[in-house]
Amino acid sequence: MKTALLLIDIQNDYFPNGRMPLEKSTDACQKAHEILRAYREKQLPIIHVQHVSTRPDAVHFLPCTKGVEFHPDVLPMKNETIIKKHYPNSFRDTNLQNYLTKNKITHLVIIGMMTHMCIDATVRAAYDLGFSCTVLHDACATKNLEFNSMVIPAQTVHNAFLAALQPLYAHVASTKDFLQLMTNKTTVNA
């Protein structure tokens, strides 16, 4: 089983001073940086997904703004693949599936933002397309949501969506546990 790291929407607008800051985005980015460094050291496939808003009412990830750019801690290197998307699902109207198939990648380690939106949509789509997934929960972030005039705290949103993904759609693990598996060379396909 060939594995790739998929970093979803780790872009400036999701951080303090951005147009849509998320809870614990800085902490999640630090974990993303750790796993990215490990993948680079082992020269494993890395794919960065960048959301570019095209809706007329969009307020974040606007083209040609600093907010749409990748966070400095996870900037892609020249040899790393970048997929641009316009929807929560990283497969919709992109060449992601073709890239994975062409490179015989069958397992995705998924990190990024937002847990309740693009992470969830991409993991479910990946599963439906026959890919297996691992989500590193502490390398993902989300925000408070509101339903029926009630605020749902970001940590509750995060936990609920991750709980719904496992065990069918994805294996959910911590960055520390996953890195330990990589270090032990047991497998990078946790």
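Buried means under 20% relative accessible area, exposed means over 50%, and partly exposed is in between (1.4 Å probe, protein chains only). Helices (H or I, at least four residues) and strands (E, at least two) are DSSP runs, numbered from the N terminus. The model is predicted: local features need pLDDT of at least 70, side-chain atom pairs count only at pLDDT 80 or more, and totals for chains, interfaces and linings use all residues. Residues are numbered from 1 along each chain as its sequence is written, and side-chain values use heavy atoms, with hydrogens and water left out.

**Stop 1: helix H1**

Select residues 25-41. This is helix H1, with 17 residues. From first C-alpha to last it reaches 24 Å, close to the 24 Å expected at 1.5 Å a residue. (The expected span is 1.5 Å times one less than the number of residues.)

Now colour the buried residues of H1: Ser25, Ala28, Cys29, Ala32, Ile35, Leu36, Ala38 and Tyr39. An α-helix has 3.6 residues a turn, so residues three or four places apart point the same way. What do the buried residues of H1 pack against? Show strands S1 (2-8), S2 (46-51), S4 (105-113) and S5, plus helix H5 (175-184). Step just past H1 to Gln43, which takes a positive phi of about 55 degrees.

**Stop 2: Thr81**

Go to Thr81 in strand S3. Thr81 counts as buried because its relative accessibility is 18%. Leave aside its neighbours within four places in sequence, and Thr81 is in contact (heavy atoms within 4.5 Å) with Ile46, Ile47, His48 and Tyr99.

**Stop 3: the aromatic pairs**

Rings of Phe, Tyr and Trp (its six-membered ring) pair if their centres lie within 6.5 Å; planes under 30 degrees apart are stacked, over 60 edge-to-face, and the rest tilted. The whole structure holds 3 such pairs.

Select Phe91 and Phe131. Their ring centres are 5.9 Å apart and their planes at 25 degrees, so the pair is stacked. Phe91 is in the loop between S3 (81-85) and H2 (96-102), and Phe131 is in the loop between H3 (115-128) and S5 (132-141), 40 residues apart. Both Phe91 and Phe131 are buried.

Next, select Tyr127 and Tyr169. Their ring centres lie 4.9 Å apart with planes at 70 degrees, so this pair is edge-to-face. Tyr127 is in H3, and Tyr169 is in the loop between H4 (154-165) and S8 (171-173). Tyr127 is partly exposed, at 32% relative accessible area.
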